[in-house]
Amino acid sequence: MLTRVLLPAILLLPLLGCQSTAAAPDAAGADTSQPVPSEQGVSPEDASSSTGVVAEPRSFEEWLADFRADALAQGISQGTVNRALDGLRFRPRVIELDGSQPEFVRPIWEYLDTAVSNARVTQGRDKLAANRQAASSAEAQYGVPAEVVTAIWGIESNYGSNFGDFSTLEALATLAYDGRRRDFARGELLAALQIIDAGDITPQRMKGSWAGAMGHTQFIPSSFVAYARDGDGDGHRDIWASIPDVMASTANYLEQSGWREGQPWGMEVSLPSGFDYAQTELDTRRSSAAWAEQGVTGLDAGRLPAFDEASVITPAGARGPAFLVGPNFRTILRYNNATSYALAVASLSDRIAGRPGIQGGWPREEQPLARRQVEEMQARLSALGYDVGTPDGILGPNTRQGLRAWQRDQGLVPDGFATRSLLERLGR
């Protein structure tokens, strides 16, 4: 499910790694429900076609003819253009998936139950053992632990068993013609042609998700161009069939995104009584020593990792587990900017390596809010004088800040965790 671009950077939701259409998180990584369709971190800004402003084509065939001319002007060979674009079809199912915005999102604990299941842990250990040489080689070269790369592999495509069977070319052409982000998709389609032109893959083998994410760890084409590596030395970068290439490419992406060798992603922590939950945002960063001074400790009073800049997050509020996360957690977010995704990768990597997973319990009796209910909560808070910004159905930092202020005034623990019981109380 990769859709990230550093250079723009990658990535999508689990179980087809990053292929569900959950609400996109805000800049602070606000979404804690589930990953979003592969966008590998920071999506490049939509740019207009290099040919300038073009009249809206009347049909897909006319659009394709215009793109074909543009690709040739960008230096793609005539042979590649013919092999890749001849007979290309418009796929209505891609537009259907692109336009779907689920009203309900899964609670983070349900997402993690699936993403970090016992079966996935066992399979991850088996896959790592079977590909130990390739994983160790990538770890030695890029400094990213083999279990972290394996965890991304597991969550993105269930270790290659489900990385999608859409033609990447048809999916991107369809999105570029009639999708929500046409210029972005057009740029990715051009990058896909560059990959084919370089001889890394044939058009027929370029398969992936409906969103254009490809291969075992779901790279979008621009991320492939920037970060894919030839791990097996055969002269091609093949993230569809070569596990050494998959390992090297994924590790290189993380290393280039800022992975700090030798540091953990973070750890589960205990928070002191009276802890100020207004601090539990990813953009609130303090040293481990500063957090320790507030009474934050590892589970069973363990020592915190030595981070210069770390955040405390509580994705299910005061009644769920708490985590101290460092720079490498933020690097995982570059792959898919959803807190739940990064926690899944972190937890799965720990368990593959034989370390314990998440220990704290989740408030499983609570029901998350549907998008329309979030919007209703935002409207009610705003009407009561709490600043949450424009109601948009997205639980971002502004909404959590306003909710915390209301909770504080009501004598509740101000953790900013939005639930249906709180919405009902707001209504009263």
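Start in the loop between β4 (297-298) and β5 (311-313) and select D300; strands are DSSP E runs of at least two residues and helices are H or I runs of at least four, numbered from the N terminus. The model is predicted, with local features needing pLDDT of at least 70. Residues are numbered from 1 along each chain as its sequence is written.

D300 has a phi near 60°, a positive value in a residue other than glycine. Most residues other than glycine have a negative phi. D300 counts as exposed at 80% relative accessibility (exposed is over 50%, buried under 20%, partly exposed in between, with a 1.4 Å probe and protein chains only).

Next, select Y159, in the loop between α7 (146-157) and β1 (166-167). Phi of Y159 is also positive, near 60°, but Y159 is buried, with a relative accessible area of 3%.

Move to helix α17 (residues 420-427) and pick L422, L423 and L426, which are buried. They span an arc of only 100° around the axis and so lie on the same side of α17; the arc is taken from the directions from the helix axis to the C-beta atoms. The buried residues of α17 pack against α15 (371-383) and α16 (397-409), where contact means heavy atoms within 4.5 Å.

Finally, show α5 (residues 118-130) with α14 (residues 339-352). Their axes, lines fitted to C-alpha atoms over the stretch in contact, come within 9 Å and cross at roughly 60°. On the α5 side, select N118, R120, V121, G124, R125 and L128; these meet L348, R351 and I352 in α14.

Key. Predicted model: local features only at pLDDT ≥ 70, side-chain atom pairs only at ≥ 80, totals over all residues. Heavy atoms only, no water. Axes fitted to C-alpha atoms, helices over the stretch in contact; angles between N-to-C directions.
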